[in-house]
There are 2 protein chains.
Amino acid sequence: LIIVSDLEGVLIPEIWEEIARVTGVADLAMTTHDEPDFGKLMDHRIELLQARDLRLPVLSSIASDVLPYPGATELLAWMRTKAQVMIASDTFHEFSESIVQRMGGYNLFANTFRTDDRGRIVGYRLRIRGRKDNVIRSLKEIGFRILAIGDGYNDELMFRVADHAILFNAPDDLVGRVPHGQIASDYEDIRQIVLDAWRRKEAGEFETQPAQTSDH
Amino acid sequence: LIIVSDLEGVLIPEIWEEIARVTGVADLAMTTHDEPDFGKLMDHRIELLQARDLRLPVLSSIASDVLPYPGATELLAWMRTKAQVMIASDTFHEFSESIVQRMGGYNLFANTFRTDDRGRIVGYRLRIRGRKDNVIRSLKEIGFRILAIGDGYNDELMFRVADHAILFNAPDDLVGRVPHGQIASDYEDIRQIVLDAWRRKEAGEFETQPAQTSDH
């Protein structure tokens, strides 16, 4: 069993919101709810940062001061006793790596910024955005059972290819589009769903996977 | 950058050797050097265990007392500051999970035993054996650069598909069959090779990957 969890909204607050709050640039808190085109949204953010000469080291520092949601670190540690744990996020490594290190150093698959030699953000590299489902499809092909945890529309493709999908405080219309999704509104809900999936796996309920087996 | 490392022979000693030593069943130390057919080797091991009524809890306990090689935990922690780190091993989860937890809880992809309700090993499930290259191929397809670390013939396919291959105290004929392989005989060698790969990646030397990028 491999658990692939989203980061912002599930384990930690939205990082851009914290950056907007600390820098006083309210528009930096805009999300894909305000501007559905992620490329345009990022272009707008980069313009705002450049106009105020806000460089990556300052932004990373603000991001690194974000606290995980209460109980998130403990939830991850517990999940790791039942499964492998990975974090797949639309955020950026430069914003989230230090938080993830403090939470236990789980593998983090996220996007990265491009900077000039003075630390000014000049672009970005989208490695995970729109690709979470690829990560999961690949892991499934190797023969692993996947449990995905997410909270938003950008998790929909991931949910669709995962064997188990936990929708954490997700919008109703998203819930309606993921037929096998299970709803969670707190970490105890997540724990129960993970435990159930783990018990069923341990009981051999899903033993139709391609992994080579041998009985003596 | 994702670092995929073998476990036994690279980070910890051979677990079956420790089990052979503690139980006094010398034949349990046999490896694929003695019996190249892994299925036959495992069948032989299971026969030996059944004949002496050595059950999984006892074996797991012996395995959990194995110490990592000096410096292995520190090497993993350092590598995690430069890349994502995964362990892919032909060993069994029941033997290695507790050691990996003590080393930092990295994701471990290994095989699992099948037991009866009294803990007697009756078979196994090969999830990683002969599949390390699949793991790496999948991760590459998503757009990650892969550095593989291993020590034996069972790592050859993994080495072939990886972008960087570190052969740790590997046999000469294996070295000859991995043209892009880099030889390491201690952890300092590994550190230097990882550092070089990381620096080249950071310098943008490998920027022909399929990840979507945008320059503002």
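Around the buried residues of α3(A), the covering elements include α1, α2 (38-51), α5, β3 (107-115) and β4 (121-126) of chain A. The model worked on here is a predicted one.

**Exercise 1.** Determine which residues of α3(A) are buried, and find which residues of α1(A) and α3(A) meet.

*Solution.* Begin with burial: in α3(A), the buried residues are A:L56, A:L59, A:S60, A:I62, A:A63 and A:S64. Then turn to the contact with α1(A), where A:I15, A:E18, A:I19, A:V22 and A:T23 meet A:L59, A:I62 and A:A63 of α3(A). Sorted by class, this contact of α1(A) with α3(A) has six nonpolar residues, one polar and one charged. The spacing along a helix can be read with the rule that an α-helix has 3.6 residues a turn, so residues three or four places apart point the same way.

**Exercise 2.** Describe how the axes of α1(A) and α3(A) are arranged.

*Solution.* The axes of helix α1 (residues 15-23) and helix α3 (residues 56-64), both of chain A, come within 9 Å and cross at roughly 110°. Because angles of 65 to 115 degrees count as roughly perpendicular, α1(A) is therefore roughly perpendicular to α3(A).

**Exercise 3.** Locate A:E97 and identify its contacts beyond four places in sequence.

*Solution.* A:E97 lies in helix α5 (residues 93-103) of chain A. Once its neighbours within four places in sequence are set aside, A:E97 is in contact with A:L108, B:R80 and B:Q84. With B:R80 there is a polar contact between the two side chains, at 2.7 Å.

Terms used: Residues numbered from 1 in each chain as written. Chains lettered and ligands numbered in written order. Predicted model: local features only at pLDDT ≥ 70, side-chain atom pairs only at ≥ 80, totals over all residues. Heavy atoms only, no water. Helix = DSSP H or I, 4+ residues; strand = E, 2+ residues; numbered from the N terminus. Polar contact = N/O pair within 3.5 Å; in protein donor to acceptor, adjacent residues only side chain to side chain. Contact = heavy atoms within 4.5 Å. Axes fitted to C-alpha atoms, helices over the stretch in contact; angles between N-to-C directions. Parallel < 35°, antiparallel > 145°, perpendicular 65-115°, else oblique. Nonpolar A, V, L, I, M, F, W, Y, C, P; charged D, E, K, R; others polar. Buried < 20%, exposed > 50% of the residue type's maximum accessible area, 1.4 Å probe, protein only.
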